[in-house]
Amino acid sequence: MKIILAVIPVAAIICGIITGRLPEVSSAVLDKAGEAVTLAITLCGIMCLWSGLMKVAEEAGAVKALSGLLSPVVSLLFRGLEKGGRAMQMICMNLSANILGLGNATTPLGIRAMEAIQEEEAGYVPGVESPPSGEASDNMIMLTVLNTASLQVIPATAAALRAAHGAERPMDILPCVWIVSAYSLAAAVCAAKLLGWISRRRKKRRSGGADN
Amino acid sequence: MQITDFIVPVLFAGILIFGFAKRVEVFPVFCDGSAEGLKTTAEILPALILLLISVGMLQASGAVELLTQLLTPLCSAVGFPPECMQMVLLRPFSGSGAIAVYDGIAAEYGADSFAGRVAAVLLGSSETTFYTIAVYFSAVKIRKTRYAVPAALTADCTAWIVCGLVVAAIMGN
């Protein structure tokens, strides 16, 4: 991530010079800084709403019930999290919001899930090595990757835009969206599992070398 | 009206009523959770600023158009309409940017054209990868994201590769 954040501005400046659009690049810096604050304010209300609702749902036991339903699938993807624990519950909530296509609700729930994973793993997870703080764990990456691949069943935004542009049947892209989503989701899970395995092996080899 | 219009209000009311039924102190508990949301927003704002500035610079510089031209030959290999290349490049960074690109494609080629359909399918089957990674990891103060970016990009690349083929196979050119 930090490499990408370093490369983008440099690429933008070079391209700006080539295309002669450096003035636009320069004004983009200031405009977007303001836009980020506007976005954060919009997000803030939604974030507070869902964090509050989730707390009520949690206290009422609704979260536990739902995560019971999803946990067989979820526990295949996440290693070593306590069954029925808070992290598992939050992951299930986040994934349900994704599937329902709740858009902005998924971010607050995802963040709650990340925090719960961190809380559980940083202290007392037997069997899984607790990563040094500041470094992502396999479970955190799995959750993030699932969130970057689209789990949404009804692509409401895409359909609404199609309707706005006069598509005859806006929802007729549904089968295509499902198939493409399934492919990219499968690729995401496989890539995360494979890269996780490689990185664990490498880490093991490195610590093994230190012992000798 | 669509089913999706019901989900949010029904969930909102449903959760609160369920809380009442289970004798949860709904008001203080909600406020408690809400306050956490406020804190989280403040924590992710710095990452948001950095990301939006980077993306804005890239968009303004014309880098997306340059990359599109470079990648056009690759598109024909997987039957992907080069008109939609901008969508592929912007989607991982910016949701509103991707919508703007879709608007452009649909206005120029029509919503029911091959390019229009491919763009809509891409919009519906992928997410703003970098935004998600930046926000999620900055909320838990993680700096080293390890293999999160390559794994997430594998998904985006897969969507790009299969999208043209799937749309052509199911809906025709």
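**Note on cavities, fold and aromatic pairs**

1. The second largest cavity has a volume of about 60 Å³. A cavity here is a set of points, on a 1 Å grid over the protein atoms alone, where a 1.4 Å probe fits but cannot get out; grid points are joined across faces, edges and corners, and the volume is the space filled by probe spheres set on the points. The count comes to two cavities of 30 Å³ or more.

2. This is a predicted model, in which local features need pLDDT of at least 70 and side-chain atom pairs count only at pLDDT 80 or more, while totals for chains, interfaces and linings use all residues. Residues are numbered from 1 along each chain as its sequence is written, chains are lettered from A and ligands numbered from 1 in the order in which they are written, and side-chain values use heavy atoms, with hydrogens and water left out.

3. Lining residues (an atom within 4 Å of a point) of the second largest cavity are Val88(B), Arg91(B), Pro92(B), Leu122(B), Ser126(B), Asp156(B) and Ala159(B). By class, four are nonpolar, one is polar and two are charged.

4. Chain A has eight helices and zero strands, these being DSSP runs (helices H or I, at least four residues; strands E, at least two) numbered from the N terminus. Of the 212 residues in chain A, 46% are buried, meaning under 20% relative accessible area with a 1.4 Å probe and protein chains only. The C-alpha atoms of chain A fill a box of roughly 55 × 50 × 35 Å along the principal axes.

5. In chain B, helix α7 (residues 129-139) is mostly covered, with 10 of its 11 residues buried. Among them are Phe130(B), Tyr131(B), Tyr136(B) and Phe137(B). Lys141(B), which follows α7(B), has a positive phi near 55°.

6. Over all chains, the structure holds two aromatic pairs, defined by ring centres within 6.5 Å for Phe, Tyr and Trp (its six-membered ring), with planes under 30 degrees apart stacked, over 60 edge-to-face and the rest tilted. Phe80(B) and Trp160(B) are edge-to-face because their ring centres lie 6.2 Å apart and their planes meet at 65°. Phe80(B) lies in the loop between α3 (63-77) and α4 (85-90) of chain B and Trp160(B) in helix α8 (residues 148-171) of chain B, so the pair ties together parts 80 residues apart in sequence. Phe80(B) is buried at 2% relative accessibility, and Trp160(B) is buried at 13%.

7. Phe93(B) and Phe130(B) form a stacked pair, 4.6 Å centre to centre with 10° between the planes. Phe93(B) lies in the loop between α4 and α5 (95-109) of chain B and Phe130(B) in helix α7 of chain B, so this pair ties together parts 37 residues apart in sequence. Both Phe93(B) and Phe130(B) are buried.

How values were computed. 1 Å grid on protein atoms, 1.4 Å probe; cavity = no way out; pocket = protein on both sides within 12 Å on 5 of 7 lines; lining within 4 Å. Nonpolar A, V, L, I, M, F, W, Y, C, P; charged D, E, K, R; others polar. Buried < 20%, exposed > 50% of the residue type's maximum accessible area, 1.4 Å probe, protein only.
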